[in-house]
Each structure stands twice: as structure tokens, then as C-alpha cells.
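Me: Please take me through this structure by question and answer. Start with a term that I will need.

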Amino acid sequence: MPQIFHPSTNTIARVSLFGALFLVGGALWVLVTVQRSSYVTHQGVPRTQPVPFSHQHHVGGVGLDCRFCHTSVETSAFAGIPPTQTCMICHSRLWSDSPTLAPVRESLRTGVSLQWNRVHNLADFVYFDHSVHVAKGVACLTCHGHVDQMPLVYKSASLQMEWCLECHRQPEKYLSPREAVFRMEDPAPEKRVPSGVDLVREYRVRTRTDCDTCHR
Amino acid sequence: MENDPRPPGAEEPFSPPIVAPGYTFATVSDKIGSIVLARGTRFGWVVGFALSFVFLMVLVVSISVLLLRGVGIWGINSPVFWGFDIINFVWWIGIGHAGTLISAILLLLRQTWRTSINRFAEAMTLFAVSCAGLFPLLHMGRPWFFYWMTPYPSTMGVWPNFRSPLVWDVFAVSTYAIVSALFWFVGLLPDLATLRDRSKNRAARIVYGMLAMGWRGSAAHWHRYEVASLLLAGLATPLVVSVHTVVSFDFTIGIIPGWHATIFPPYFVAGAIYAGFAMVLLIAIPLRAVYGLEDFITMQHLRNMAKVLLATSMIVCYGYVMEAFFSWYSGNPYEQFMIVNRMLGPYAWAYWMLLACNLVTPQLLWFGRVRDSIPALFGISLIVSLGMWLERFVIIVTSLSRDFLPSSWGMFYPTRWDFATFLGSIGLFLTLLFLFIRFLPMISIFEMRTILPQAEVDDHAGH
Amino acid sequence: MSEEREDKAQLVGRRHWRSLEDLADSPRVREILEREFPEHASEWDDPKGRRQFLQLMGASLALAGLASCTEPLGEKIVPFVRQPEDLVPGKPLRYATAIRLAAGTMPVLVTSTMGRPIKIEGNPEHPESLGATDVFTQAALLTLYDPDRSKTVTNLGAIRPYSDLLGVMHDAAEAQRASRGAGLRILTGAVTSPTLAWQIGELLQTFPEAKWHRYEPVDDENILAGARMAFGEPVEAHLHLDQADVILSLDSDFLGGGAGQVRHAKEFARRRRAPEEGAAASSSRKDTMNRLYVAESMPTLTGAMADHRLRLRSGDVAVLARAVAAGLGVLGVSRPADVPRLSEADLAASLGVPGAKRPAAVPGISEAMISALIKDLAKHSSRSLVVVGAAQPPEVHALAHAMNHALGNTGTTVTYHAPVDAGAIVAGSFSELANDMGSGRVQLLMVLAGNPVFTAPVDISFSELLTKVGLTIHLGLYDDETAARCHWHVPEAHDLESWSDARCPDGSITLLQPLIEPLYHGKTAHELLAAFTDQPLRGSAEIVKEYWSRQKPSASFEQQWRRALHDGVVAGTELPPKAVTLQGGLGAGARESDAAGAGELELVFRPDPSVYDGRFANNGWLQELPRPLTRLTWDNAALVSPATAKRLGMQSEDLVVLNLGGRRVRAPLWVLPGHADDSVTVHLGYGRERVGRVGKRAGFNAYLVRQSNTRWIAPGAKLEATGKRYPLAGTQEHGSMEGRPLARHATLDHYLQHPDFAREMEEAPPAGLTMNPPVKYEGHAWAMAIDLNACTGCNACTIACQAENNIPIVGKDQVMVNREMHWIRVDRYFEGEPEAPAVYHQPVPCMHCEDAPCEQVCPVAATVHSSEGLNDMVYNRCVGTKYCANNCPYKVRRFNFFQYSDFVSPTARLLFNPNVTVRTRGVMEKCSYCVQRINMVRNEAEVEGRPIRDGEILTACQQVCPSDAIVFGDLNDPNSRVVQWKAQPRNYSLLGNLNTRPRTTYLASLKNPNPELSKDEA
């Protein structure tokens, strides 16, 4: 009886066997990569804002201290978002008629808040406390990156759990002296004085990796 | 027996024939192949398939409702957090044992009588395992996160808890499924080739051809085939023991009286083989009748399986006796209460029914007449299957319903969704089975050839 | 606390008023900025105050709120700022106010985050609370946010603006002026608010002919009548339980729910502490523990604590009272107030000599018991106490007063003061009002409180009487039965939305200040009454403040006012103890009417432990809270003793017909061990017809058989079988300990001889018997100890936990399949023969085992051990295999079989505690030792670089516990209280022999029976 398969199909069969293996492996690799990509984490993706507020200008240029706006960062879980009032402290005089700032003036006039787009957003079941991190010498820079070089703010870190754990498991690599917490320049870890290890001792840093540290 | 064509000394454990006389290689191939290659479909098959398919749809519905509303639709509660879901899981997994046992262990033991039943026994195994595999997924509160049970580099930087028997299950069951699937497929290759060559229908030839993966029956093929199946058999053999041992750990690792017992692993394995053989009988008996395969699946097969049934039932019952003995001997009030509660508590009916099914009924198999009576064997197998389901019910529900603090004791009442899911899984099983017997040779054609007298003769002539 | 800090606080407080969305989006923000900041320029400059404001503004962007806030808020408000930490932005703030229930008032501190009151705690400064609260107070929070509350002013069901009503009231008032208010009637409940009393007084001056009537379905009439009988004037007894060595309770559930429960429990528990090792001679150690005799029909929490419980029909309690009184030689004897104390000789005479003073026979109670009881009381003269329940007739109260007098208890264990209810003396009765209405003398009726259409005695058909009144105006939280039958209904402001004041049971006055703007435009009674004055639109803040400025006119009034708000009590307002004189001829008018004949059933009415008189019918937390002893939820039932049920051939969950003098109501039967025979107890407040979604189709209406003349105890009741069944949802099916050493207990004597009895009851595995590597707990090691001897089983812990941890309710159907979600449950065990069993309570939270069975079986490591010994449950990691719950020997794990938590309704979202994850369907949950509180305190301590103080972390259950039965702390701190408790010999681990090594342990309970009485009597 006539053959329905050309001999070459044997080769195809063999190849397909191994191909299947690589296909499965490849698929897994893609998954693992995608879930860490900025496509998922929005890491490094600037968010547009109702008012194009530039941290680059205000922090890098003008040299405002973080706490000027984020007032409760040292005392509360929540760092605080400045109200229109804070903007107007300066902008009632500076650029007081610039069209870019129209929404700000509008907000003060009508009493309707500006609605910023949230950049750093944690899941509802994650509890983070700014005050204790700042008190233990975690610099703004360490998590938020060089906001002084960001025209529009973006996440410089993935804020994924493995990222949190990295520091909680070895804080000495990431701590800064308290006085440097709000500064925007980062000496390379080895150049830091005192060293992270000393800081851990000095600030009695007891990073916990218990689940209840962040999940309640 | 006088009509045995084989010369004396041929190492055959069973003197009676395991294939009726008068068959040639060709007729065997015809006989078995025709079932698959026959034009048109038997009416009976259509009816059977339709019925099973209906039940399959029941499963689909109950799963959809489950995913939409949550496991609350079942009767599970506090303290009985596991119900039909895990009962069915263990029951199916148990059934899924006979196949590999027959194909692997009996192969290594050179039990040639296995030849004619191992193909569909293995298929049955695969289908049972796929039914079993459903339930651990469905019983989860949030099944869409099932993959958290597998070790993979997650962005959460956490891994599964390798101390948990449930994680062991994941590995045990998946390994078992893969190996037995491979074993089954490899075994099918020569027959797929036969079908390819014999089928008249071009489409069928292409499909079978692709599945046959270019099998030409050359000496080289046969050699690799032998090696592969031996390796797989060797691989599968420990699995038969390991899988159900691991499943039994789900309970023995627990602290609940009635779970925390060292006897579990052996008697779970025995129970699995017990249930498995009962299921093989349940399938074999109608098959040979409907498709006229009495010549290949002879009375001798049924007798042998009946004996295995009897033997395993004795082991299982030894387990029951030991449970009772332990709980008394332990001197632990909670253990002692547990067994009393089993015998006299609100679920006593389940315990006594279980003993009636698994301890009393199989004793009939001591009598040759019963072993020779096909209806009796069928009935007993049914009862045994029920009994094994009840065994899991007793272990899970009765133990959980009354544990340590009387304040939190409570009863378990199954809902219609419990039953729907259970029947649905049976539907899935039967549907797969019907498809199998329609499109694949339910008996290994080429292996049957090897046990024909002619094969023997050639063999001897060769020396 | 310095002045300007208070001012900051005011700013803070005001900012927390309105809902946040409102704050963020409404144009009113600008108005506030413009109108208010100038006047508070100082605060605006103050960095802290400003930061608080900015921070709130920022946060409000992220938060959702209600869009229903209307009025701008001019009033000042002062937060509680005892600890400076409280003023740190983003940290919760606490405000002192009070929650009212009928004549009872609970002074509280309310925790508010971002303008949402989320938790109520007792006011530790106030003697009525000392930090603890009861179940009703805890549940008040849920009522505040109840979406079923009435939201609009209605006239005959049609929505109308408030101004319309004001117009109508004005015209009606004008019409009344002619007749000097002859047609005006005001119906209130108990009025503990001095301001309201003053307003009513003012009104009655303008309308001399008008009348004020008072009706509480659960009232103190018998008490006052008894006082009149005994002393010739209505006074209230103020108990000092911590002074009493021997207490006789005559049908009084003073440890049960209601006014004074918390203080009673505290004082009682203080004398219930076991004498610990190191106390001097055993004799003196014996005396440290009090002894409690309780005579009652239905077993109550008080009865469960009793050392001797006398099972009596409520109707027969009077007989016992007379017998004891006779024994003490007071019956029919008139004595001056300064009665000489009974000498042993007198007593011997009164007991030994057969004759008049010999104890009369009491059905079912042995002579031996009675004489022993009498001796015991007399032996502890001036250190004993006789308490009577409100259900008992005035005669019994009078007898009790006489006994306390004869025993010289007056002034030590009991003092008297004027009633806290301003209406008690001056206001007219409900029946008088009914008569006036019936005879058409009433043209204008103001129903300022309550739901009389539902709660009125059945022989007063109030709904019909209402039709005879020209204009009826109802003020209430709900659009209830009464609202439906009044012409006008006005939504009432919740206590947490109101300015007011209230007299606590001890007489001291607390100011109520609002935590949030009225969510549903509610009005207070103050505002409604103001409508009759020339300033109909005055806010209650103004009114209350005016009253007080009149009371304490002084330059420093403003400061006093703030001080009072801040402290939660107005200084120097406690009622002075009243000197009373005992009248003569008490025994004379002893009436038998209450006592049912032998074999005849008596019907006893009680306020429901959860819905009280029906006002909490729509409160899910209370509905699902297991009732004391019966452990039933979502229903009331007719409770009878096993013997009675047997005699009637009935069993639990039979649907029966209660027949009282031809009036019938269908009720499910429940057999309650320990209940008196031939007596049926029913609880009021169920069977509401017009109620919200929660209260629908729950229970039966006992008011339908309650009559004016027999409002508490009604003889001659009948039970008729219907052949039908009615399923009840209980949370505990099995009441016996099966001989297992679970809730361990002994008598005081046994304990003194074998201090280690509790540990000896079970063979405990040797320390370090584990295959796991030993764990060293550096830093903290949290643990809890529960003193079963102090625990009264009041359930406050359960509901406080529910409020703190966002625990959902599941509904009756789910409870019936054992799916309730409470993280801490109170197990109830009966021991002894079913007729008169001993009752033991055991609160069971998560044990936080050091060797936890749940942890090792979870496949995804969703429940793991923390470095501080907590058994963490990580909801977001849980996949819901339920394996952990199966493997938990204590069955404290709760599973979300369905989506129980309400993410949908906006008010529910306001209620959630923002520091606790709200669980979704399919995950396991359980007690976390309030880890959110631990973490909050830890972060504070870390930021301040100081160690955590012992007692700084209070778990919700510990904080609420009225009898201080729960202690939480650090095992690594040798001085912590928890370590001291665990060092006591009574300390034991539940199921210790499983070697789970629980962090939660128990102190065994002790009974202190009268040595004179042999075992079988005890």
C-alpha cells in the first residue's frame, strides 16, 4: 500500500519532540521576565499630572527640602501630599499668572482640590510606614530615586515584595546617616561614613521579615 | 489442561489458557483492530457516550457555579473543612493505581496474563488521575492562585512550604500522571502503526500516522521500544507505592485523631490497588461481553483479578483492625474516643456500611463458584468501589466532625452541589473511556500476538 | 495639657468632622479656609496643627467618603490628648463622649481616623467604665453607619423639608397657647440628659397644662416603688460589690447586659481574684474571695458565676426573700435607720427557736440551704449585700432594703442616691398618657424616643390611640412601627453625631460631643424641642452649652467646658449619697399574685441580651452575637427546663404557641439546662415588623402577650404544641466537656490544699519535646493569659474583636452550618445533672502555638510563625486549602466560604478599620493578637527610640473586658503582668498534652461554696 508520509516527516517528528521541550521552557522564561518588566511594574514610567509639577525644578533647581511639602514623612505612616495652600505660599508671588499654574489658582479659588495621579501605590493589604523608615536612616533617594532629576515623577523601584525583602534582609547595604536622609546625592555604599554596618548598630535597626511586618 | 499447545516447562504461572485457541496473528489484529476501524458506530456506544457526556456537562455547570460563588456552595463548614472534594480526590487517585500496577509491576514479574488487560487498565488509570487532579484545584478557596503551590521564582520572593503534604501531593500526582501517560503512549505506538496501515480512511491514516511517529516495526524500533518500556516500567513501579503513600501523608501528618496513624501508608496503597482492580473488573466485564472479547479477556483473567481483590481486601481490613487496636492501645483518650465515635457516633452508619462493603462482601471470593460467576464479580466490584468511597468518608468527615474541643463539634451535610460535582467527575471519566474504546485499541494487538502459541513455537524453533 | 495644644486639637478635631470626599471636593473647603482660619490664625501658624490639616487634605484624595454632609461646623471640639503621640498626624485621635442606652450611659473614648469613628473604647478616667465597655456600646458603631437608618423627614410617608415641620410645629404651638398647652403631651424614654430635662421644664412653664410622660419597656418602676415602700422616697441603690464578702442576688442579673454591668463586673471581679501564693494565713486568704448566692429562674451570667445557685421560679423568689428576711429578723419589724447589727445570739434565736422567725418553706430549696445562707449573710453583716432584679415586685425590693439595713450594709456595700432618670419622679406614666389619648384630650404628641407602637403592653393598643391625636411627631433613628403611624417622622441623630449630656448610673455627668456630621441629616431631641421656642433653628451644641453656662456661670467657663469635654466628665456632678430612713410594716402587703400555682407555668419577660427592647434589631453584630448560655443567634426562643419540656412532651426547636390569658404568640422552644421548672422565659424585642434588612423575619414578638399588670412575671401561661418545627441557629451544638480537662475549675478549699490542681489534671509533655530545632525568641515574645475565674462570659470580647478586626457577619443560614466568623468565641460548658448544672465559660482566641499544627501543613506558607511568636495569617497569600483549619485542635480558624465582607455599601466602607485588611472570599482568617496594634506601638517606640512599655499594647478583647479577665504582654519582660499571671499555679495550657505549646494560657476558675453545705447542696 502507498506510503502517506514522506520519509522527511520522521525528521519533523523528531524535531517537534525537542521543539516542544524548548517551547515549554521558553514560555516559562517569558512569564518570569514579563512579571518583572516595567510593563507590569510601571517602573521608570512617568505619570502625567494635572499640573506638570517638576521635582527636577523644585528639588534639583530651587533646592526645596522634601519635608517642605511632604510634611508628615517623619511622624506618620503617610508622607503627605501638599495642599494647594502650600503651592501658593510661593506661587502667589512667583509665576502668579503663568497659565501652567492656572489649575492651582483655580483650586484655591473654588476650593476644589487638585487631583494628582498616584505614582507609588501599594496594594491594600500592604502596610508601609514612612516615619520608621526615615527614622532608621532609609534615605528618600533609596526608594524614590533621583526625584531631583525627574521632570515628572516615576517609580524608580519596582516596589515588588522581593525588592522590599532585599533591604529588609540586609539593611546595612542601603542605610544612610540620618542627616543625609533627605539629601539627593548618594555616595557609593563603600564610601559611606559611617558604614552601613555601623549605622545598623547605631540606629538599633532590627529589620523584620515576618509577614506581619507589612501584612495584617 | 489437555488443550494447552505449549510444551511443558514454558514458564507460565497459570496453566489455563489466557487466550482462546485458534487465533493467528492476522485474526488477532482483525479482531481487535476492527473495533476501532469498523465503519459506523454501534448504537450502544452512542447511547453510553451521550449519557456520560450529560454527566460531564453537570460537572461543567457545577464547576462554573463553584468559581462564581465560592466553595460555600458545598456542605463543608467548621469543623469539617474538607468534604466530598478531598474524598473524591483520594477515591479517584486510588482507582488510578491498578493500571500502573498491572502494566508495570506485572510486566516486571513476567505475568503475561496481564497483556490483554493492561492497555485499558492504563487508560483507566490516566482518566482516573485526571478526575482526581480536578479536586485539589477545585477545593481551593482561590483556585486561580494554584500555581503558588509550585516552586517558581516569584516576585514575592517566597516559596511553597515544603513541609506541607499538599506540596508533596503536587509532585507525587503530577509525576505519576506524566509517567503513566508516557508509558501508555509508548505502549500504543506499534498498535497505532498497525491502525495506520490497516485503516481504509485517509484522514484516520494521517492521524494515526502522526501519532505512530513513523513506527515501522524495524528491529531497531523494537529494540528501543523494549528498552523504553522496561525503563518506564522500572520508573512507574515505585510510583505505585509512592503516590498513595504521599496522599496518605495528607492525613497522617495531621494532628486529628483518626488521621494521625502510622498504619495509613501501607493500607492506603493496598486500598488503592483494591479499588483499582474493582474498577478494572467493572470495565472489563461489560467490554468483553459487548465487544465479544471473551477469547482475549478470559475467565482466567477475571479469576486472577478476583483473587487480587480478595488478597488486598484482607490487607485493608487488617488496617481497620489495627486502627481500632492502636486507638485502644495508645491509651490516649482522644484516640479512644475517636474509634468509639466511629462505631457508635452520628456517623456510625458509614463505618458499618464500610465494613460490610470492604470486609464482609469480598469474603465471598473464597468460593470458586463466586469467582466464576461474572454477575457476582461485577456486583462485588461495585460494592467494593462504594466501600472504598465510604472509607475516605469515614476517615475525613467522621474524624473532623468530632475532634478535641466538644464546643466546636459539628455535623457535615452534603449539598446538591457536592453530589453534582461527584457525579460530574464520573461523567468525565466515562466520557474519556468511551472515546478511548472507540478510537484506540483497548487491547494491545501486538502484545497479544506475542502470547499466541505460534509466537511460542517460532521462539523455540529459533533455538 | 496646655491651652494651645487644646486649640490645635480643636482645629484637628474640626478637620475630622466632615467626610473626606466632601473635604476634598466640595466648595465648602474654601469657605472654611476663609471663614475659619483667620479666627484661628495661631493654629494656622503652628506647624503641627497645619501639618495635621495638610496631611488630611492629601490623604483625602485617596479616600472615599459620604457625600451627604450638609451643615458647616462652627462648634469647637476637643480631642482626648493624654498621650502626646495621639496628636501625631495620621495617627488615630480619640474623643471623649458617651453612648446612651435607656437609663444607662457608658462614658467612652471614640477612636477616629481621617474623620471616621472606627472604634469605641471605655473611658479609663471614668468610674462607670474604667476603660471597659459592654456589647451594646461596642455595637453602637455599627448602628451609626447602618444604611437602613431613616434618612429623611417624612409626613405621612412623603419626604418633606425640615422647615415644613417647623412651620407645622409653630402653628400647633400657637394653637396650644390658648389652652395653655392642655392638648400637648411629650413622650420620652428615660431622660438622663440634664439639658433635655431643663428644656422640657422650660416648655412646661410655657405650657403649664401640658404633660410629660415617660415610657421604657425595660424600666425601673418596681425598683422605685420598692424604694418608696421602704424609705418613703424614690431612690436608686448604688452597689459597691467590691465591699461585699457575701452577695445574695434575688433574680438580679447584675453581671448581665444593661445599666451598670461594666462597673458591677469590675467590682465583682476585684473580689473574685483567687488568693495567690504568698498570701499570709490560709484563713485570711480564704476571705479575699467573695461568695455569691443567686436565686433565679432562667440561668443568667450572674447565675453562672454563683457559688450557690437556687433554682426558683421568678414568682417564688418573693417567698425566698420573705424566708431570708424572717431569718434575719426583719420581717414586719420596723427599725430606725441606725439599726443595731444582728448579734450571733439574735441570729441563733431567730433560727433555732421554732416559731414566727423560723424560715418559711421555699419550694425546691432545702431548709439547710436557707439557714446556711442566712447565717452566712449575718456572719458578714455590713460586708454582705442583697440585690434584687427589676422584674421582682416592689415588696421584694423593699424587703431587700430592709435586709441590707438589718445587716448594716447601708453605707458600706450599698448607698442610695436620687434616680439618674430625671423623669423618674416628675414625668407621668404611660398608662396615664394612654387614658388621655383615649379620651381625646391630646391634640399634639411629641414622641421623642422609643418605639411605643411596638413596645407598648398588648392591652394598650398604642397605634389605635395615635389615630385619636391631631398631630403626632416621632423622632427616631429608624423609620419603625411608630414612625409609620405618626404623622411626622424626624430622623434622629446618633449619639456619635450629637451634642448632648447624660447622667451616668453613678450620677456623674458626661458631655456628648459628635464624632462626625449627621450622616442622614439627623436631629437631636434638643433641636426638636427648640422648635417650640423663639429660636427654632438652634443647634444642640448651642443649647447644651447654654444650659451649662447657666449652671456654672464663671469667667473660666470656657476652660471648664473644654476640660469637661476633654475628660469626658463634668467635675463635681456626682450625686451625693442620700441618707434614708426605713419605714415600718414591710411584711404586711406581701402579695402572692406573682407566684404561679404548683404545676402551673409562669411566663417571665426579659430584655434580650442582644436586641434589648428591640432597638438593636437591625444591628448585625448584636444579632449574630451568641446569647449568653443558650449560644443562640438571630432569634429569641421560649426557654424552659428539661423537666418541663419532658412533661409537656416537647423538645428544642419545636414551634409552640405561648398562650397567656387567651393571647397567643407562636414561638420556638429551647430547652435550657438549669432553668427553673414550670417556668418559661421569653426575651423581648424580636418579631419586629417594620425594620431594616438585618432584622427582618427574626424571632417572635413577646410584647404580644405582655400586659400592663404583669409586665415581668405572668402566672397561668400555657404552651400548646403545633407539631411544626422552627430551626434555631446556635453556635455551640455540644455543651459537655466529655470529661476532658478543658475549662478547669475547683473549689477554693481544694485549691488552697492543691494549688497545682489545674496542671495535675492533664499530663503535660516535658519541655523541649520536639523534633524541630528549639527557637529562641529575641526581642519580644507576645503572649496572653485569660483568668477563667474573672470571666463572666459576657461576650464583650467577641464583639469588640469584631469591631476592631473588620470581622463580617454571615447571617442565620450560614451560622446554622457553623460558618460564623468570630475570632474569639466564648465556649459554654455544662457540668453535672442537666436540671441544675454548673456552667463554665471559656473565651477561646487563637492560641498562637509555638509548635503550631496549622503552620506546617499550609502549602503556600500563608500562615507562619513570626520572630515574636505570633502565628501570622497572611490573607493575601492564602489560597484556601483549609488544611490549617482542619489541623487546628482549637478550631479557632475561620474561613470565608463566600464573600462575607461588604465592599459595596459606602457606609460599610466608612466603618472598616483602615489598619486591618478586609478579607475576600476564599481565604482563611483568625485572631492575630491585634497585630495592627502591636505594629503601631512598635513603630512609635522605634521612632522615639524607646522600648515598648508593658500594658502599652492592649488587644481589643483585653481592653473591652469588664472584669479584666484578659492580660496581654511580653514574655521576655520579667515584670510584665502576663508573666506574673502565667507564674500562678492555676495557669494551664488548653490541650497542653498535644505539645502545641500555646502562647495563650488560662487560669483555672474557682468556686467558693459555703463550707456548711454538703456537696450535693452545693
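Reply: Buried means under 20% relative accessible area, exposed means over 50%, and partly exposed is in between, with a 1.4 Å probe and protein chains only. The model is predicted, so local features need pLDDT of at least 70 and side-chain atom pairs count only at pLDDT 80 or more, while totals for chains, interfaces and linings use all residues. Residues are numbered from 1 along each chain as its sequence is written, chains are lettered from A and ligands numbered from 1 in the order in which they are written, and side-chain values use heavy atoms, with hydrogens and water left out.

Me: Is C:Asp245 buried or exposed?

Reply: The relative accessible area of C:Asp245 is 15%. The cut-off for buried is under 20%. C:Asp245 is therefore buried.

Me: Which residue does C:Asp245 meet in a salt bridge?

Reply: A salt bridge is a side-chain nitrogen of Lys or Arg within 4 Å of a carboxyl oxygen of Asp or Glu. For C:Asp245 the N to O distance is 3.7 Å. The partner is C:Arg383.

Me: How many residues apart in sequence are the parts that C:Arg383 and C:Asp245 tie together?

Reply: Helices (H or I, at least four residues) and strands (E, at least two) are DSSP runs, numbered from the N terminus. C:Arg383 lies in the loop between helix H15 (367-379) and strand E12 (384-388) of chain C, and C:Asp245 in the loop between strand E8 (236-239) and strand E9 (246-250) of chain C, so the pair ties together parts whose separation in sequence is 138 residues.

Me: Which residue meets C:Glu128 in a salt bridge?

Reply: The N to O distance of this salt bridge is 2.5 Å. The pair links distant parts of the chain, 135 residues apart, with C:Glu128 in the loop between strand E3 (116-122) and helix H6 (135-144) of chain C and its partner in helix H10 (residues 261-270) of chain C. Both residues are buried. The partner of C:Glu128 is C:Arg263.

Me: How many salt bridges does a search of the whole structure find?

Reply: One of them is between A:Arg206 and C:Glu942, at 2.6 Å from N to O. A:Arg206 lies in the segment after helix H10 (196-202) of chain A and C:Glu942 in helix H34 (residues 931-944) of chain C, so this pair joins two chains. A:Arg206 is exposed at 51%, whereas C:Glu942 is buried at 14%. Over all chains, the number of salt bridges found is 72.

Me: How many residues of chain B are in contact with chain C?

Reply: Contact means heavy atoms within 4.5 Å. On the side of chain C, 57 residues take part. On the side of chain B, the number is 56.

Me: What area do chain C and chain B bury between them?

Reply: Buried area is the accessible area (1.4 Å probe) that two parts lose on being put together, summed over both. Here 55% of it is on carbon and sulfur atoms. The area is about 4,400 Å².

Me: Which residue of chain C forms a salt bridge with B:Asp403?

Reply: The rule finds one salt bridge across the interface of chain C and chain B. The closest N and O atoms are 2.9 Å apart. The residue is C:Lys891.

Me: Which residues of chain C are in contact with B:Gly72?

Reply: B:Gly72 is found in the loop between helix H2 (43-69) and helix H3 (84-95) of chain B. B:Gly72 is buried, with a relative accessible area of 6%. Leaving aside its neighbours within four places in sequence, B:Gly72 is in contact with C:Arg819, C:Phe897 and C:Phe898.

Me: Why is H9(B) largely enclosed by the rest of the structure?

Reply: Helix H9 (residues 264-290) of chain B reaches 39 Å from its first C-alpha to its last. This is close to the 39 Å expected at 1.5 Å a residue, where the expected span is 1.5 Å times one less than the number of residues. H9(B) is largely enclosed because, of its 27 residues, the number buried is 23.

Me: What percentage of the residues in chain C are buried?

Reply: The secondary structure of chain C comes to 36 helices and 38 strands. Chain C has 1018 residues. The buried share is 67%.
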